[in-house]
Amino acid sequence: MASGHRMSAPIPADQVHAVSPVHAAHTPIHRVVMAERESAPARLTALASLPVDAWESLAAHAIEPNACYLPAWALAVAHHARGRGDALALAAFDCAAPDRLTGLMPVRWAKRALSLPVPLLVSWNAYAPFSVPLLDRDCAVHAAGAMIDAARTAGARALLLQSVATGGPAYAALRAALHQRSLKSEVMRSFRRAALDARQNEDTVLREALSAKKLKELRRQRNRLEDAGPVTFEIASTPEQIGPALEAFLALEAAGWKGQRGTALVQDHGDAAFIREAATALAARGQFEIVSLMRGGATLASGLMLRDAGRAFFFKIAMDETQARTSPGMQLTLDLTTHLCADGAIVFADSTADGEHPMIDHVWRERIEIADVFVPLSPRDPYALAIRALVAARYSAINAVRSIRRIKENLS
């Protein structure tokens, strides 16, 4: 269930700090360098037209990383995945070096994104619920402001930013840019999702998250899994390892409930092409892993994970549902937690799960505030207010459908 969220007062541009999206206390706080260099006027362009080298440089220098907006991932989504081939980008460039990207916000027009024929730009979902824009850490507020101005110049009356981390430095920079323009944003939906502070000792994490009784039950289930043979935790991280591990994941996902619903990746040619291309490309850069729980050559559970700038994004999980009584998905998550806590390159991990997830919430106890935020692009614009009303009605309809679905599931 989504929880209500109230926006705090806008942060002035000279008070923006880089903080962890989990909580400021969990990572060192670094002052955002407000360099004199400013972003050139940004423009709305096709995502695929952006220079990849400049894009990769921005991602490496971003105030807040977003592995879902790495070019190897995002371009594979745009080229192959169903319903995502019309991606645009609000792109800001450096005045002093016009080939240098300082900001990137992938978007779509609302007519394609929401079936609403209104002048609204909606942040683009790169097949994962995390749409934090990439902003150069040396001029984050300038870049955010340039993209806001570019959206207005392109004819948009408002922005809808979906699945942004409201506690992170990118959102703080965006709010500072809005404050400079006397613009106010509004949270349309928010929830808190599970994350892991991976700098902690794994034993401490699990002891604090799970009761002694639950840990004992999980050990019993692990023993039952091993009755049929030794169970091992395996990591595929090179392009050569990724190929077979990914095919095992795709088969496992299709054999489960997602396959029954027709939403497994391999069931759509474009979706399968996207994940195969992106996984191989990112693995070559050390930015993709597949973790698996194995027994006698068979995959009991498998998870896909992106890595970027000290952060891990737990993208998907699949499990052998015939083994449900021994909780292979939970067993994999426990091993993954140990793996991440032991990896000195990872600071924390985002579960990318829905709020109040029945499994991961009980293991990863940190929380990230995720929200959909509506941004009028001109003060007191009645047209933007009308668009906001349409968007609010859409959210109400979605909530009603989800409520009906939950009732049906509880009755079945």
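Biologist: In which helix is the place of Thr337?
Modeller: This is a predicted model. The helix in question covers residues 328–342. Thr337 therefore falls in helix α11.

Biologist: Is Thr337 buried or exposed?
Modeller: The relative accessible area of Thr337 is 0%. Buried means under 20%. Thr337 is therefore buried.

Biologist: With which side chain does the side chain of Thr337 make a polar contact?
Modeller: Leaving out residues up to four places away in sequence, Thr337 touches Leu196, Glu202, Val205, Leu206, Val363 and Trp364. One of these also makes a polar contact with Thr337, side chain to side chain, at 2.8 Å. That partner is Trp364.

Biologist: How do the axes of α6 and α11 lie to each other, and which word describes it?
Modeller: Helix α6 covers residues 202–209. The axes of α6 and α11 come within 9 Å and cross at roughly 140 degrees. Angles over 145 degrees count as roughly antiparallel, and 65 to 115 as roughly perpendicular, with the rest oblique. The two helices are therefore oblique.

Biologist: Which residues in α11 does α6 meet?
Modeller: On the α6 side, the contact involves Glu202, Val205 and Leu206. Thr337 touches those three residues too.

Biologist: Which residue meets Arg222 in a salt bridge?
Modeller: Side chains of opposite charge can pair when their charged atoms come close. Here the side chains meet at 3.0 Å, N to O. The partner of Arg222 is Asp335.

Biologist: How many residues apart are Arg222 and Asp335?
Modeller: Arg222 sits in helix α7, residues 212–225. Asp335 sits in helix α11. The pair links distant parts of the chain, and the separation is 113 residues.

Biologist: Is Asp335 buried or exposed?
Modeller: For Asp335 the relative accessible area is 17%. The cut-off for buried is under 20%. Asp335 is therefore buried.

Biologist: How many residues apart in sequence are the parts that Asp149 and Arg181 tie together?
Modeller: The side chains of Asp149 and Arg181 meet in a salt bridge at 2.9 Å, N to O. Asp149 lies in helix α4 (residues 140–153), while Arg181 lies in the loop between α5 (169–180) and β9 (186–197). So the parts tied together are apart in sequence by 32 residues.

Biologist: How many salt bridges does a search of the whole structure find?
Modeller: One of them joins the side chains of Lys258 and Glu253 at 3.6 Å, N to O. Lys258 and Glu253 are both buried. Salt bridges that share partners also join Arg82, Asp268 and Asp271 into one network. The search of the whole structure finds 26.

Biologist: How far apart are the end C-alpha atoms of α5?
Modeller: α5 has twelve residues. At 1.5 Å a residue, they should span 16 Å. The distance in the model agrees with this, because the end C-alpha atoms are apart by 17 Å.

Biologist: How many of the twelve residues of α5 are buried?
Modeller: α5 is mostly covered. Among its buried residues are Pro169, Tyr171, Leu174 and Arg175. The number of buried residues in α5 is ten.

Biologist: Which residue takes a positive phi just after α5?
Modeller: The phi is about 55 degrees. The residue is Ser182.

Biologist: Which residues of α2 make the contact with α1?
Modeller: The axes of α1 (residues 52–60) and α2 (residues 71–80) come within 10 Å and cross at roughly 125 degrees. That makes α1 oblique to α2. From α1, the contact uses Val52, Trp55 and Glu56. From α2, it uses Pro71, Ala74 and Leu75.

Biologist: What percentage of the residues in the protein chain is buried?
Modeller: The protein chain has twelve helices and 15 strands. It has 412 residues. The buried part is 55%.

Conventions:
Residues numbered from 1 in each chain as written. Predicted model: local features only at pLDDT ≥ 70, side-chain atom pairs only at ≥ 80, totals over all residues. Heavy atoms only, no water. Helix = DSSP H or I, 4+ residues; strand = E, 2+ residues; numbered from the N terminus. Buried < 20%, exposed > 50% of the residue type's maximum accessible area, 1.4 Å probe, protein only. Polar contact = N/O pair within 3.5 Å; in protein donor to acceptor, adjacent residues only side chain to side chain. Contact = heavy atoms within 4.5 Å. Salt bridge = Lys/Arg side-chain N within 4 Å of Asp/Glu carboxyl O. Expected span 1.5 Å × (residues − 1). Axes fitted to C-alpha atoms, helices over the stretch in contact; angles between N-to-C directions. Parallel < 35°, antiparallel > 145°, perpendicular 65-115°, else oblique.
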